[in-house]
Amino acid sequence: MNAPVPLVLPAAEVDARVAPYVGGKALALAKLSRAGLAVPPFSVVTTAAYEAFVDGPLQARILFELERKDVADMRWEEIWDAALRIRNLFLATPLPATLRDALAAALGPRADEGPVVVRSSAPGEDSAGASFAGLHESYVNVRGLDAILEHVRLVWASLWSDAALLYRRELGLDPLRSRMAVVVQEIIAGERSGVAFSRHPERDDQALVEAVHGLNQGLVDGTVEPDRWVLERDSGVVLEHHAAAREEMVAPAGAGVRLVPLPRRRRSRPPLTGDDLHRVHGLAREAEGSFAGPQDVEWTLRGEELFTLQSRPITTGGAEDDGRAAYLGLRRSYDSLVVLRRRIEEEALPAMAAEAAAFAAVPLAELDDGGLLAELERRKQAHDGWVDVYTRDFIPFAHAVRLFGQAYNDALRPDDPYEFVALLSGTPMLSTRRNAALAGLAHLRREAGDDAGDEAFALELEAFLDEFGLEPPGSPGRERERATMAAVVERLASAPAAGSAASAAVTGPTADRPATSAAGPGDGVEDATAASRRRPAMPAPDRDDLERRYLQAAGGGDDERERAAGLLDLARAGWRLRDDDNAYLDRIEAQLTAALEEMGRRGLETGGRFAPRAVALPSPLGRPHPAAPQPAADAAGPGASPSGAVAKARQLVGQPAGPGVGVGIARVISSPDDLRAFEEGEILVCDAIEPGMTFVVPLSAGIVERRGGMLIHGAIIAREYGLPCVTGVPGATELIHTGDPLTVDGYLGIVVVG
Amino acid sequence: MDERDVTLDLLRELLSRQRLGVLATHGESGPYASLVAFAATDDLGRLTFATTRATRKFQLLTAEPRVAMLIDSRSDADLDFHRATAVTAVGPVAELEGEARDEACVRFVARHPHLTDFATAPTTALLALDVETYYLVRRFQTVTELHMR
């Protein structure tokens, strides 16, 4: 095409010649429509519109975001963070007036006709042999021109979604070249919907139909279980029918869709019967004919009218079993998060606490060898079970925070994409309560002086360990823990202001902010002590104000407001749990370790069989891609490197995870001894903050963590205490050495060494 | 057009095209050079750049505020010897504060939109090089001095 590509194309003008500008989804819909299938009317916002929006400053900023760190070095939390920041850039960038006018003129008539679906159609997304379904966003039931334009922007932004970034290499994502088209399509509010595979993904001679009552969003995102039919591919004879529980359906509501109870009379009825089932199967076969290959077709029935919503080639899963699929499986809808929360808070956590207490009550030293082995088996089995629960339920529940963050940013468009965190922090976490108790102990120590009250202090310390300790009483682990805590208390007690600082985050707004830190930017650099550098948590009135603004922005209806409040509540639970769940699991693990140590003390071999299994989600990009460039050989050639030359890190880059500046001496944590040696005002440098390490946090002037992400443990604690924090610093614990002078710039994510 | 206007036009062209310059500082530890993003004022009297306060360059220029900045149009090819233009700006540098900082920040961010977060971070200092003299080099060895004040 020589003429400039129009910003919007009507369905009738979509064909192979404009394929690069309209994307695979739009092209497929146009083709189906031409083949005579019923396709809801649509228009395409071409890649030319995306280009007009992104070219210039926005593109430079996307580039900046993605080139800051090698994506292969990023953990999935960091990838989510990057996607969130890019999404915010799209939201914060207004449509240029000329572009807006042009889109309004072209899409206005469609907007006037009623609600629409706004769907991604990325060039290359559904190309043969590579189907990347679900990486980009689609929005259902969007009403009015303004809302449509808003959602077009969100779909554009989803070109850089976390899911898409995970597949960056396969998709060939490149900020300078990648483009996104958007399908704006009339919504068909079908009563019955589903998916049909013209060929069963696992059996060549069979086909598959899935159906739900209501819209098919419930099926696609996994919240509504479908009825399922396996058919003989050629004859259409039904081989199997798996009936679903049929309790809920997804229906259009307000601006969007909702999960609602399925009316009682429809529960007993499968969504499809005889003729309709065969029509749906026939539709998939027809689509297969049009595209000359097996198809996966989304369909909906409105009355007796059967519509094709989408068709794409079937790709068999399994090849991508490299952690990314597991990560994408973590995404949860609001409704499923509610269920998950109930399961975690009402069942799992109390059960974990009870189990740890029951183990703790067993006097290991008194068991005979056989009894000890049996006890060890029991603990190993219990720990394994809880690791599974952790992986299955706890980790996905963290998605509540992400869902809320996105909703908050959509509603309020803050400059800081992490402003929402202020609404989450300040909810009491186990580690902040623990540290407050620690501050109390330090106070006691100070009051008692050097020689008096040793016994009373010892009792208090024991009570503290009983409540917050990770190690069981009487175990060698408890001995170590006691020594560490006593050392920490001594330090807290001898640091002039540290006692009050340790409780500052708990009391929040009442914490005094030294006059020097109010003086202006950069003041932190001159401050001498960690305590004076620490900022109090956000004052409560601001937090209330944010909450009010968030709820107001959620929408006019009670329903919207209630949903928004529910989401905030869920996110708060998720935030708290990110800290607490570790502690709960650690208690179980400590019981297992205690039994192992008792075995060791008796000289009994266990051969590693009972070692605690670690909770680990595979790193999404942990495996180097075959095409990944290898580290370059010494450019100057062998033998040319200057003898005696020494390389040393001067400035390291990670993500800003807690605003503020911390200046101090590095303490790199690689063993419990390092924790015991931790001095007030040092910078905590570690691979990842473990629950057993959090007690030194109030002593520190800043945190540097190798592990990345804004919502990881270390970042959460840093925010709680108002500490400067940089996470995701590759090689932090190797490149920084204990004793190095450090400046932690928590605004920009920079660590200066020396 | 006289020499002054020709030089000013060349300068304006160069400074509006280029985004990066080499900042030369010196101090007790010796000389130092660093690459910085800059923005020039319309009258070309001032070059604004940004750095975080923990950097070596910031420490150096705080101790010795007289600096030089090299800005050039080279593309790392043979033709550069004839076609590239380079200018060295010399003068005192000072950190901007208050309104002056806000104004300079707007100009700087307009020139480098992707550096918005960097320029507005509390740890970042915005610095103004008030140019006393530009030394403009063309065609390998043609040098013109432009005294600004």
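This is a short talk on how chain B meets chain A, and on one sheet in chain A.

Okay, ground rules. It's a predicted model, so local features need pLDDT of at least 70 and side-chain atom pairs need 80 or more, while totals for chains, interfaces and linings use all residues. Residues count from 1 along each chain as written, chains are lettered from A in the order written, and side-chain values use heavy atoms, without hydrogens or water.

Interface first. Chain B puts 16 residues into the contact and chain A puts in 15, with contact meaning heavy atoms within 4.5 Å. Together they bury about 1,300 Å², 68% of it on carbon and sulfur; that's accessible area, 1.4 Å probe, lost on being put together and summed over both parts. On the chain B side, His114(B), Pro122(B) and Thr123(B) lose the most area, together 40% of what that side buries.

How many salt bridges does the rule find across that interface? One: Asp117(B) with Arg61(A), closest N and O atoms 3.4 Å apart. The rule here is a Lys or Arg side-chain nitrogen within 4 Å of an Asp or Glu carboxyl oxygen.

Now the sheet. Eight strands of chain A (DSSP E runs of at least two residues) form an open, mixed sheet, ordered S14-S21-S20-S16-S17-S18-S19-S15. Pairing takes at least two DSSP bridges. S14(A), 651-653, and S15(A), 655-658, are the edges with a single partner strand each, so one side of each has no neighbour in the sheet. Further in, S17(A), 683-686, and S18(A), 702-705, run parallel over four bridges. In that pairing, Cys686(A) has Glu705(A) of S18(A) as its bridge partner.

Key
Buried area is the accessible area (1.4 Å probe) that two parts lose on being put together, summed over both.
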